[in-house]
Amino acid sequence: MSNVTIQDVFDKFLPYIADRALSDEQLNVIRCIQKCRTSEMGFNVSECESCHSKFIHYNSCKNRNCPMCQGMEVDEWIDLRREDVLEAPYFHAVFSVPSSLNPLIYNNQKLLYNALYHAVNKTQ
């Protein structure tokens with residue numbers, strides 16, 4: 001298994017995409033992720049009570065788009081969603097409607113989503 005991080009990807013490929021039309025917000029996210037858990041973000045030092053070894057812990061960027069910062073939250077969310085999964089055979093279907101119907105559907109969501117559900121449900 002490779003230990004390539006998103007930081008490595010940005011470091012290697014950002015020069016090739018930096019001249020593309022990236023928004024200021026996108027560039028800010030990239031910069032936050034690049035600095036995450038590095039000396040640029042600052043650090044804390046802890047010491048083992050037994051052996052007195054010192055450990056440096058670099059601060060995270062806490063950006064909501066950072067996979068290193070949000071990884072634990074994502075894992076917790078996935079675990080919670082697994083609890084919602086029914087122990088039965090089922091499938092997930094996605095369909096779309098013409099965009100011209102969006103205002104109609106938005107104003108009649110309960111009625112029309114119910115109608116769409118029953119239109120695709122074979123058991124009804």
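Q: What makes a run of residues a helix or a strand?
A: Helices are DSSP runs of H or I with at least four residues, and strands are runs of E with at least two; both are numbered from the N terminus. The model is predicted, so local features need pLDDT of at least 70 and side-chain atom pairs pLDDT 80 or more, while totals for chains, interfaces and linings use all residues. Residues are numbered from 1 along each chain as its sequence is written, and side-chain values use heavy atoms, with hydrogens and water left out.

Q: Where does G42 lie, and which residues does G42 contact?
A: G42 lies in the loop between helix 2 and strand 1. Contact means heavy atoms within 4.5 Å. Neighbours within four places in sequence are left aside, and G42 then contacts Y58 and N59. From G42 to F13 it is 29 residues in sequence and 25 Å in space, C-alpha to C-alpha.

Q: How many aromatic pairs are there?
A: Rings of Phe, Tyr and Trp (its six-membered ring) pair if their centres lie within 6.5 Å; planes under 30 degrees apart are stacked, over 60 edge-to-face, and the rest tilted. That rule gives two aromatic pairs.

Q: Why is the pair of F13 and Y16 called tilted?
A: The ring centres of F13 and Y16 are 6.4 Å apart and the planes meet at 50 degrees, so the pair is tilted. Both residues lie in helix 1 (residues 6-17), three residues apart, about one turn of the helix.

Q: What makes the pair of F43 and Y58 edge-to-face?
A: The planes of F43 and Y58 are 70 degrees apart, and the centres are 6.2 Å apart. F43 lies in strand 1 (residues 43-47) and Y58 in strand 2 (residues 54-58), so the pair ties together parts 15 residues apart in sequence. F43 counts as partly exposed because its relative accessibility is 47%. Y58, at 38%, is partly exposed too.

Q: Why does N63 count as buried, and where is N63?
A: The relative accessibility of N63 is 13%, so N63 counts as buried. Its place is the loop between strand 2 and helix 3 (67-84). Not counting residues up to four places away in sequence, N63 touches V29, C32, C69 and Q70.

Q: Which polar contacts involve N63?
A: A polar contact is a pair of N or O atoms within 3.5 Å; within protein, one must be able to donate a hydrogen and the other to accept it, and residues adjacent in sequence count only if both atoms are side-chain atoms. The N63 side chain reaches the backbone nitrogen of N65 at 2.8 Å. The N63 backbone oxygen lies 3.2 Å from a polar side-chain atom of Q70.

Q: Why does Q70 count as buried?
A: Q70 has 17% relative accessibility, so Q70 is buried. Q70 is found in helix 3.

Q: How do you know whether K62 is buried or exposed?
A: K62 has 67% relative accessibility, so K62 counts as exposed. R37, at 42%, counts as partly exposed.

Q: Which residues line the largest pocket?
A: A pocket is an open set of points on a 1 Å grid over the protein atoms alone, where a 1.4 Å probe fits, with protein on both sides within 12 Å along at least five of seven lines; lining residues have an atom within 4 Å of a point. Among those lining the largest pocket are F95, I105, L116 and V120. Helix 5 (residues 109-120) gives the largest share of the lining, four residues.

Q: Why does F95 count as partly exposed?
A: The relative accessible area of F95 is 42%, so F95 is partly exposed. F95 sits in the loop between helix 3 and helix 4 (102-107). Not counting residues up to four places away in sequence, F95 touches L116 and V120.

Notes: Buried means under 20% relative accessible area, exposed over 50%, partly exposed in between (1.4 Å probe, protein chains only).
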